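Here is a quick walk through one protein model, with a few of its sheets, helices and a pocket picked out. Have the viewer open as you read.

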Amino acid sequence: IESGPAAGVVAAMRAAREFGHDNVITLDMGGTTTKASIIEGGKILRARDYEVGGPVSVSSRLVRGGGYLLRIPVIDISEVGAGGGSIAAIDTGGALRVGPRSAGAAPGPACYGLGNTQPTVTDANLVLGFLHDGSLAGGALTVDRGLAESAVESAVAGPANLSLVEAAHGIHTITNSNMVRAIKTVSIERGRDPADFAMMAFGGAGPIHAAGVAEALGIRRILVPPAPGLFSAFGLLRAEVEHHAARTVLTGTDAPDLGALQSVIDEMADSLKQRIRAEGFAEESIRYSALADMRYLGQSSELMVPLSDLRIGGAALLAAEDAFEAEYERLFGHRADRRAFELVNIHVIATIDRGVEHTARWDSDADDGITAGRHRSVYFGPEAGSRETAILSRQALSRDPRDGPIIVEEYDSTVVVPPGWRAWRDPQDNIVIDFAEAD
């Protein structure tokens with residue numbers, strides 16, 4: 001369940017450590033959905049349930065989308081129906097809607113020429129000039145701008161009495177607003193300010209929309225890793241093996257039976273050890289960690305906080321209480337009048353690092369001949385208008401900051417650097433995009 005989005009967050013955590021960024025918001029946009037998550041202090045945020053099937057899939061108890069609740073341990077991810085194949089249409093009230101219906105991979109966007117005549121986000125981006133007219137994926141996929149223009153004109157521009165580029169920009173902007181909603185679900189609605197985070201954008205379409213989404217949220221730095229369209233797959237290849245166990249231990253923290261709590265933790269750790277040994281891993285390679293679900297005495301819902309040690313004691317419980325109150329205040333803006341807590345559940349996690357490292361560099365030199373010396377007109381909205389924009393490969397992007405507009409075309413993705421932003425390539429070949437007024 002949600003293995004692809006989870007793999008992207010795992011990849012982002014590893015990359016964030018390599019980049020030296022402890023706090024990162026991930027933006028993973030593919031063909032049908034956009035996924036967002038948070039890496040805070042270099043660690044993935046976790047949850048113990050996940051809601052699917054609503055307008056937004058989310059693990060927050062504060063936000064419910066009317067879907068189906070799954071009681072499973074998850075990485076804290078929010079997902080909305082906004083992808084390259086999301087269909088745009090004018091609803092019965094005359095408003096422009098984008099998604100959650102999607103053209104999928106087959107027949108795909110109208111510009112693919114495979115039978116779909118409804119406009120999608122990809123068609124709008126092609127009309128705006130963000131995407132290369134003629135082909136994508138290094139020439140492996142043929143796209144037709146004329147088909148995209150026809151779809152946008154007939155389904156959106158004509159009915160809404162808009163020009164073609166106004167309609168396409170409206171589709172692009174509404175898609176951005178849907179993605180902003182996903183990011184707010186994992187940040188603002190959890191007491192985090194997105195402006196305190198960098199954004200890591202990946203997926204085939206994520207780097208196209210990243211700057212617009214970041215600007216709406218006050219984020220001033222974007223990181224685009226090499227091979228962004230394949231980034232989640234790399235994350236899955238590098239993922240560690242984890243086993244989780246949880247037990248209910250409902251007790252107050254003022255005078256708990258520490259021996260009984262320790263016995264529960266030891267039993268879970270031993271059970272996890274047996275599972276991992278059965279999978280062929282050495283016992284010595286296991287790393288253990290623990291989490292606790294806590295709440296104020298008398299409340300009905302709890303928050304998950306880390307336990308500092310598998311050896312439970314007064315100091316560990318006090319640290320958990322402090323962590324709970326800090327998180328509670330961050331979420332709700334206040335603390336209770338008295339310190340009285342319940343420990344509800346204890347989670348133990350056993351982790352095995354498989355030692356998988358990918359040190360090879362992604363070879364993007366083949367893109368240079370395709371994009372060398374090219375320019376095209378790109379529409380960046382009513383304020384910036386149409387701009388003649390340089391088209392570069394990742395390797396052609398210099399190490400020194402270059403002001404936008406720039407478009408970086410790659411085999412698996414396209415990176416859009418609008419006016420007001422600047423970009424450069426760091427020593428690890430990541431594209432770094434900064435808001436030009438960030439100084």
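Predicted model: local features only at pLDDT ≥ 70, side-chain atom pairs only at ≥ 80, totals over all residues.

Residues are numbered from 1 along each chain as its sequence is written, and side-chain values use heavy atoms, with hydrogens and water left out.

Let's start with the antiparallel sheet. It is open, has four strands and runs in the order β16-β19-β17-β18; strands here are DSSP runs of E with at least two residues, helices are runs of H or I with at least four, and both are numbered from the N terminus. Two strands pair if DSSP finds at least two bridges between them. The edges are β16 (241-252) and β18 (303-307), each pairing on one side only, and the twist averages 25° from one strand to the next. Five bridges hold β17 (residues 286-296) to β18. Among the facing residues, L291 sits opposite P306 and D293 sits opposite M304. The two strands make a hairpin with six residues between them, and G298 in that turn has a positive phi of about 100°.

Angles run from 0 to 180 degrees between N-to-C directions, using axes fitted to C-alpha atoms (for helices, over the stretch in contact). Contact means heavy atoms within 4.5 Å.

| Helix | Strands it lies across | Angle |
|---|---|---|
| α7 (residues 258-278) | β16, β17 and β19 (341-352) | about 165° to β16 |
| α8 (residues 314-332) | β17, β18 and β19 | about 145° to β18 |

The other sheet is mixed. It is open too, with four strands in the order β20-β21-β23-β24. Its edge strands, β20 (374-379) and β24 (414-417), each pair on one side only. Neighbouring strands are turned by 30° against each other on average, ignoring direction. Inside it, β21 (residues 386-392) and β23 (residues 406-409) run parallel and are joined by three bridges, and L392 has V408 as its bridge partner in β23.

How do α3 and α4 pack? Helix α3 (residues 145-160) meets helix α4 (residues 164-186) at an angle of about 85°, with the axes 9 Å apart. The two are therefore roughly perpendicular, a label that covers 65 to 115 degrees. On the α3 side the contact uses E149, V152, E153, V156 and A157, while α4 brings L164, A167, A168 and I171. That makes seven nonpolar residues, no polar ones and two charged. For this count, Ala, Val, Leu, Ile, Met, Phe, Trp, Tyr, Cys and Pro are nonpolar, Asp, Glu, Lys and Arg are charged, and the others, Gly among them, are polar.

R97 belongs to strand β11 (residues 96-102). Leaving out residues up to four places away in sequence, R97 touches I87, A88, A89 and D91.

A pocket is an open set of points on a 1 Å grid over the protein atoms alone, where a 1.4 Å probe fits and protein lies on both sides within 12 Å along at least five of seven lines; lining residues have an atom within 4 Å of a point. The lining has 41 residues, with Y112, L136, G204, D412 and S413 nearest the centre. By type, the lining divides into 17 nonpolar, 19 polar and five charged.

Terms used. Parallel < 35°, antiparallel > 145°, perpendicular 65-115°, else oblique.
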